[in-house]
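Subject: Structure for your files, with notes

Dear colleague,

Here is the structure I said I would pass on. Please look it over before reading the notes under it.

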Amino acid sequence: MAGAPGVGPGGGAGGGAAAGLKTYFKTPEGRYKLQYEKTHSAVLHYSHGGKTVSQLTVAYLKEKPASQGSQPSTPSSSSGMRSAAARLLGSGNGSKALSFGGGNGANRAVAGSSRLGGGLGTSTNLGGSQGVTNYDGKGTYIVFNAADTLFISDLNSQEKDPIKSIHFSNSNPLCHAFDPEAKEGHDLIIGMGSGDVYSMSLRQQLQDPGRKPVAAQHYNKGDKDGSSNGSRCTSVAWVPEREGIFVVSHSDGNLYVYDKNKDGNTDCTFPAVKDQSQFMVVHAKSSKSNPVARWHICQGSINAISFSPDGAYLATVGRDGYLRVFDFSKEQLIFGGRSYYGALLCCTWSSDGKYLLTGGEDDLVQVWSMDDRKIVAWGEGHNSWVSGVAFDSYWSPPSSDGNGENVYRFGSVGQDTQLLLWDLALDEIVVPLRHPSSASPTFSGGSPAHWENACPPTGVLQPSPRMRDVPKLSPLVAHRVHADPLSGLVFTNESILTICREGLIKIWARPDQSENNQQSNSSEFILGSPVPKDRVITSSNKAGSSFKKPSSVLVT
């Protein structure tokens, strides 16, 4: 499946009203309930280069340092309610933001100003900069792109429309990343369809009422050989523990390393890539050049990149179907492996850096081990391409037997419009026992991934193993969350965020949070017509967790 057919302007907003969509889904720990939605209105600008798929970034903006000017958050007539709302969410998502794919859509033009939605159910229009310069901005925001516009919404507010839109006149923004640990200066980077990159301050964008980027730094990778000109940006990421360093991947298989503290417009020339199939790193000749290095990763597009939490390792997935894991400092390929079919589209790390997830055109979710340097499990449950994967680092199993540390919860979304939740229990994973004389494998509950102990040598790309030789996972729950194909998800402390290609974002409150929200907000909205009770589909193979749960998949 190559994605869903397009919808007209405003189609993303209409997706939430599709008949048959439930406003909750069940898990062993309770119900996740649809809390509210975010989207954009139906005013489309010119879309440079055709229709684009958005990306979703959750950005936690810390309190404004005193050294950066005005005193933080003195409530005023124009920003008092917003500032108060931002503070209510100050203890929410304080971890490094995750970035995933998103939907298509449009921007709402507010006559001469950006519309600030009040976090307490009110809204104010700021016609000028008065009162805005003192705006602290502390809180959690949703950043997503659609067509030629970047949108910013307040995660704390139930206001559906964005509070800020930034219009780009020459190209479409395709990907972005936020650095919550940025000590000074710019913390938001944006990759464009033209291959150009911009960095800017999120707080400065929120303070300005206009619709153009404010004090943005423009970077151009500067290849003069013509081989990379026009190659679109596919993913951007800040390097953890490396202040001011970020990387940008492109559709031509190249990845560039930038330093935000250097001038972005210095002349920088890299030699032509002679062998598209070979990994090669070239550093800029001048210490003043930016980008500072070019990594040629693969032939064809790099579709996604992700750094390990400590910044030591960089994972990439590409059009050629390979996951590659590099030692970033040593600029060395550690290991790699291939999908079962087609391209890989997304990747992410566990919070402890021990495991990676990948998803792609084979409709599978694959679990990779850094220790074993290979795939250790694969999950079957999607009916189309897997477009987003993420570990839930905020979840902990409701058990008291001390085995919770061996259980990982993760999620995946796909073009089949479904959100799947999975439990990876390393002590109870189903391991195939190979019998060469038998046409079909037998299964046994044993220690994880020890059916073949050989660790691949460093720097070697491995073919995909036989599926019957790798433990199989089945999802804990499968829920159709949108009417349109999904392209990203993010876990926060209070909720799960999902986004479809058409620009509709849904916030699903966790079981403990949804109970509190139901008590404080009696106006829970209902989407679509009633649906019969959950259908239970029996699964033959599962990965159990350390707490008891039904050996079935909940399709809600």
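The notes below cover confidence, strands and cysteines.

This is a predicted model, in which local features need pLDDT of at least 70 and side-chain atom pairs count only at pLDDT 80 or more, while totals for chains, interfaces and linings use all residues. Residues are numbered from 1 along each chain as its sequence is written, and side-chain values use heavy atoms, with hydrogens and water left out.

Confidence

pLDDT is the predictor's confidence in each residue, from 0 to 100. The chain average is 75, and 66% of the residues score at least 70. Residues 224–228 stay under 50, and the model gives them 13 contacts beyond four places in sequence (a contact means heavy atoms within 4.5 Å). Residues 519–552 are also below 50 in pLDDT, with 78 contacts in the model beyond near neighbours in sequence.

Strands here are DSSP runs of E, at least two residues, numbered from the N terminus, and two strands pair if DSSP finds at least two bridges between them. Buried means under 20% relative accessible area, with a 1.4 Å probe and protein chains only.

Strand 15 (residues 245–250) has six of its six residues buried, so it is largely enclosed by the rest of the structure. In a regular strand the side chains alternate between the two faces of the sheet. In strand 15 both faces are covered: Ile245, Val247 and Ser249 are buried on one side, and Phe246, Val248 and His250 on the other.

Strand 15 pairs antiparallel with strand 14 (residues 233–238) over five bridges, and antiparallel with strand 16 (residues 254–259), again over five bridges. Valine 247 is the bridge partner of alanine 237, and it stands opposite valine 257 in strand 16. The one from strand 14 to strand 15 has six residues between the strands, and glutamate 241 in its turn has a positive phi of about 65 degrees. The hairpin of strand 15 and strand 16 has three residues between the strands, and there glycine 253 takes a positive phi near 90 degrees.

Strand 3

All residues of strand 3 (residues 55–61), seven of seven, are buried, so this strand too is largely enclosed by the rest of the structure. Gln55, Thr57, Ala59 and Leu61 are buried on one side, and Leu56, Val58 and Tyr60 on the other.

Five strands make up an open sheet with mixed pairing, in the order 23-24-25-26-33. Its edges are strand 23 (344–349) and strand 33 (472–473), each of which pairs on one side only. Strand 33 runs parallel to strand 26 (residues 374–380), with two bridges between them, and tryptophan 378 has lysine 472 as its bridge partner.

Valine 470 lies in the loop between strand 32 (460–462) and strand 33. At 3% relative accessibility, valine 470 is buried.

Cysteines

The structure holds zero disulfides (a disulfide is a pair of cysteine sulfur atoms within 2.5 Å). For cysteine 233, the nearest cysteine sulfur is that of cysteine 175, 5.3 Å away. Cysteine 233 is buried at 1% relative accessible area, and cysteine 500 is buried at 1% relative accessibility.

Regards

Technical notes. Helix = DSSP H or I, 4+ residues; strand = E, 2+ residues; numbered from the N terminus. Buried < 20%, exposed > 50% of the residue type's maximum accessible area, 1.4 Å probe, protein only.
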